[in-house]
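Please read it alongside the sequence and the coordinates.

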Amino acid sequence: MTILIEQPELSTMAEAHEENIIIDDEKMSNELVLDGGFLLPKPISEHGFMAPQINSYGHSFRNYYGEGARQKSVEELYQLQHTNQTYEFAKKMRGEYGKLNKVEMGIWECCELLEGIVDASDPDLEESQIQHAFQSAEAARKDYPNEHWLHLTALIHDLGKVLLLPNFGELPQWAVVGDSFPLGCAFHEANTHHKYFKDNPDNNNPAYNTKNGVYAQGCGLDNVIMSWGHDEYMYLVAKGNSNNLPPVALFIIRYHSFHPLYQTGAYKHLYSEDDVENLKWLDIFHKYDLYSKSNVLIDVEKVKPYYISLIDKYFPSKLKW
């Protein structure tokens, strides 16, 4: 069933976007699609984000098996990650970082820390992570100008990469970046560089190497131990501090690097009904996360007032990390 709600003039949208004005969600809404009780707004395609066909190196996106500029180093990182990310390791890290006792600071302060961070697992981008954050957020803003929570989610989704910094434990890249995946059950072949799981101790542990492993069919992803990294850390931070984000935003933050989840349908036997619904937004989000990467840099100072207003709307001034 489709519910049509009167759309505002596109010129109004464009003007508001240009002036960094927050539009009241209740007063201005584009067409909504009611699909099994799940609301999905249609993007404003006339001013929308057009995903490029190739990355900044002239290659296809997420090409982990070609001859790209960073192919060798990226593959070496995945080998380390797949060998060392075990069920017990991830549980230990969740316990330690779930205490949120590392630092106290605001969201914008954390955004600024991304300036000196480069993701060694990314074959598509060698810019600092603050540029990736703003490229993602601005791409989402073009398609969905009224979904302010989505803009902010795109901005903060990778803040957990501060785990690479000394104040947060200075973890190795393999314990922070790269695709995420479930632990405690068999490693699905859809995972990037699946061959390197052969040296993971869990791969030979009968408690963890079957299809369901330690989980019940349909248990829901909330009950699954994921590989430890920036996704899981930022999810713990957002969940552990007061915020006004919708639950689906936390789902996006937690699973945005779990690429087999929405690209191949792997691990469906673990999904709950809520997971299936939330996947609809995650599928939308991944375009802005994966395909907004380019050498065309965002003027951070120009868009800063808009994102500061969103941070103030959804988060307290200080958070525990």
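1. Burial. In this note, buried means under 20% relative accessible area, exposed means over 50%, and partly exposed covers what lies in between (1.4 Å probe, protein chains only). Helices (H or I, at least four residues) and strands (E, at least two) are DSSP runs, numbered from the N terminus.

2. Basis. The model is predicted, and local features need pLDDT of at least 70, side-chain atom pairs count only at pLDDT 80 or more, while totals for chains, interfaces and linings use all residues. Residues are numbered from 1 along each chain as its sequence is written, and side-chain values use heavy atoms, with hydrogens and water left out.

3. Overall. The chain has 11 helices and 7 strands. Of its 321 residues, 53% are buried. Taking contact as heavy atoms within 4.5 Å, 77% of the contacts between residues at least 6 apart in sequence join residues at least 24 apart.

4. Helix H7. H7 is mostly covered, with 9 of its 11 residues buried. These are His230, Asp231, Glu232, Tyr233, Met234, Tyr235, Leu236, Val237 and Ala238. The cover over the buried residues of H7 includes helix H3 (87–97), helix H4 (107–113), H6, E6, H8 and strand E7 (319–320).

5. H7 against H8. Axes are lines fitted to C-alpha atoms, for helices over the stretch in contact, and angles run from 0 to 180 degrees between N-to-C directions. The axes of H7 (residues 230–240) and H8 come within 7 Å and cross at roughly 155 degrees. H7 is therefore roughly antiparallel to H8; the classes are roughly parallel under 35 degrees, roughly antiparallel over 145, roughly perpendicular from 65 to 115, and oblique for the rest. On the H7 side the contact is made by Asp231, Glu232, Met234, Tyr235, Ala238 and Lys239, and on the H8 side by Leu250, Ile253 and Arg254. By class, the residues of this contact divide into 5 nonpolar, no polar and 4 charged. Here Ala, Val, Leu, Ile, Met, Phe, Trp, Tyr, Cys and Pro count as nonpolar, Asp, Glu, Lys and Arg as charged, and the others, Gly among them, as polar.

6. H6 against H8. Helix H6 (residues 148–156) packs on helix H8 (residues 247–255) at an angle of about 25 degrees, with the axes 10 Å apart. H6 and H8 are therefore roughly parallel to each other. The contributing residues are Trp149, Leu150, Thr153 and Ile156 of H6 and Val248, Ala249, Ile252 and Ile253 of H8. This contact has 7 nonpolar, 1 polar and no charged residues.

7. Salt bridges. A salt bridge is a side-chain nitrogen of Lys or Arg within 4 Å of a carboxyl oxygen of Asp or Glu. Searching the whole structure finds 11 of them. Glu75 pairs with Lys195, the closest N and O atoms being 3.5 Å apart. Glu75 lies in helix H2 (residues 71–84) and Lys195 in the loop between strand E5 (182–183) and strand E6 (225–226), so this pair ties together parts that are 120 residues apart in sequence. Glu75 is partly exposed, at 21% relative accessible area.

8. Asp222 and Arg254 form a salt bridge (3.5 Å, N to O). The pair links distant parts of the chain, with Asp222 in the loop between E5 and E6 and Arg254 in helix H8, 32 residues apart. Asp222 is exposed at 56% relative accessibility, whereas Arg254 is buried at 4%. Salt bridges that share partners join Arg94, Asp222, Glu232 and Arg254 into one network.

9. Backbone points to check. Which residues have a positive phi without being a glycine? His193 does, at about 50 degrees, and so does Tyr267, at about 65 degrees. His193 lies in the loop between E5 and E6 and is buried at 2% relative accessibility. Tyr267 is in the loop between helix H9 (259–263) and helix H10 (273–290), and is buried at 3%.

10. Asn209. Asn209 also sits in the loop between E5 and E6, and is partly exposed at 31% relative accessibility. Asn209 and Phe187 are 22 residues apart in sequence, with their C-alpha atoms 7.3 Å apart. Not counting residues up to four places away in sequence, Asn209 touches Ala186, Asp202, Asn203 and Asn204.
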